[in-house]
Amino acid sequence: MSSTIRENGVGTELRRWRGVRRVSQLELAVLAGTTQRHLSFIESGRSRPGRAIVVRLAESLGLSLRERNDLLTAAGYAPVFAESGLDETALRPVRAALDQILHGHLPYPALVIAPYGRVVAANDAVEVFTEGASPELLEPPVNMLRLMLHPHGMAPRVRNLGEWGRHIIENLRARARRSPDPRLDDFVSELAGYVPQTPVGPEHLGFSVPMRLASADGELRLITTLTSFATATDVTLAELHLEAFLPADQSTAEVLRLRAERHRTGG
């Protein structure tokens with residue numbers, strides 16, 4: 001009985017993921033190097049899939065490492081991808097490398113962010129984001145996305161909050177469509193409530209312009225880059241993103257340089 005339950009579990013999950021990815025049985029079978037008949041038998045519970053085919057199906061569906069582990073578990077197999085803490089021995093060299101990257105990005109802000117916007121590491125330049133924010137938003141672990149859009153966080157200082165906020169919300173919604181997650185849906189709903197419903201103008205090009213952020217030293221114009229760890233084999237590392245901010249103009253670069261100098265000298 002337990003074997004049948006496991007088989008039905010993996011079959012149900014495969015059908016669900018095919019629906020999310022909008023892939024037919026035949027398309028998935030071809031991608032995974034199997035037959036549509038075999039895949040049909042797996043989905044219906046008439047055939048117990050081997051571990052290798054489950055791994056190939058998960059890869060063909062473009063599942064995250066966490067989702068691949070879940071699919072293996074549903075099929076009755078042990079997860080194959082470890083989930084380590086950043087301070088554990090396995091990831092200690094990675095954490096040291098990330099700290100070097102963050103320091104090397106100075107005088108510009110950079111952060112390492114875990115799922116749902118949780119900050120796990122940052123350089124000193126991120127103080128430009130915390131300026132004037134309510135203390136409760138700065139209690140560890142800081143949620144960067146909430147800090148950016150909350151009315152008691154950065155929102156009053158973001159001059160183009162409607163456009164910048166919409167950029168964040170649309171990216172999160174795209175992620176939720178790719179990997180359905182009720183917790184993420186709730187978080188998106190919360191953040192969307194902070195963003196003004198400004199109409200899209202005729203000159204809107206479909207991508208974000210630099211964030212215009214007021215600071216004690218004048219307005220900053222910042223562009224952002226996101227780096228993911230595509231070849232990671234640890235769930236924790238695979239779910240991290242390095243978000244690095246760059247000046248969009250010379251004035252912003254000079255302000256950030258002066259702020260960093262003041263921070264070093266205690267001025």
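1. A salt bridge is taken here as a side-chain nitrogen of Lys or Arg within 4 Å of a carboxyl oxygen of Asp or Glu, and by this rule the count comes to 16 salt bridges. The model is predicted, so that local features need pLDDT of at least 70 and side-chain atom pairs count only at pLDDT 80 or more, while totals for chains, interfaces and linings use all residues. Side-chain values use heavy atoms, with hydrogens and water left out, and residues are numbered from 1 along each chain as its sequence is written.

2. Aspartate 249 and arginine 221 are joined by a salt bridge at 3.6 Å, N to O. This pair links distant parts of the chain, 28 residues apart, with aspartate 249 in the loop between β5 (241-247) and α12 (250-265) and arginine 221 in strand β4 (residues 220-228); helices (H or I, at least four residues) and strands (E, at least two) are DSSP runs, numbered from the N terminus.

3. Arginine 157 and glutamate 131 form a salt bridge in which the closest N and O atoms are 3.9 Å apart. Because arginine 157 lies in the loop between α8 (144-149) and α9 (161-178), and glutamate 131 in the loop between α7 (127-130) and α8, the pair ties together parts that are 26 residues apart in sequence. Arginine 157 is buried, at 12% relative accessible area, whereas glutamate 131 is partly exposed, at 22% (buried means under 20% relative accessible area, exposed over 50%, partly exposed in between, with a 1.4 Å probe and protein chains only).

4. Both residues of that pair also belong to a network of salt bridges that links Glu127, Glu131, Arg157, Asp217, Arg259 and Arg262.
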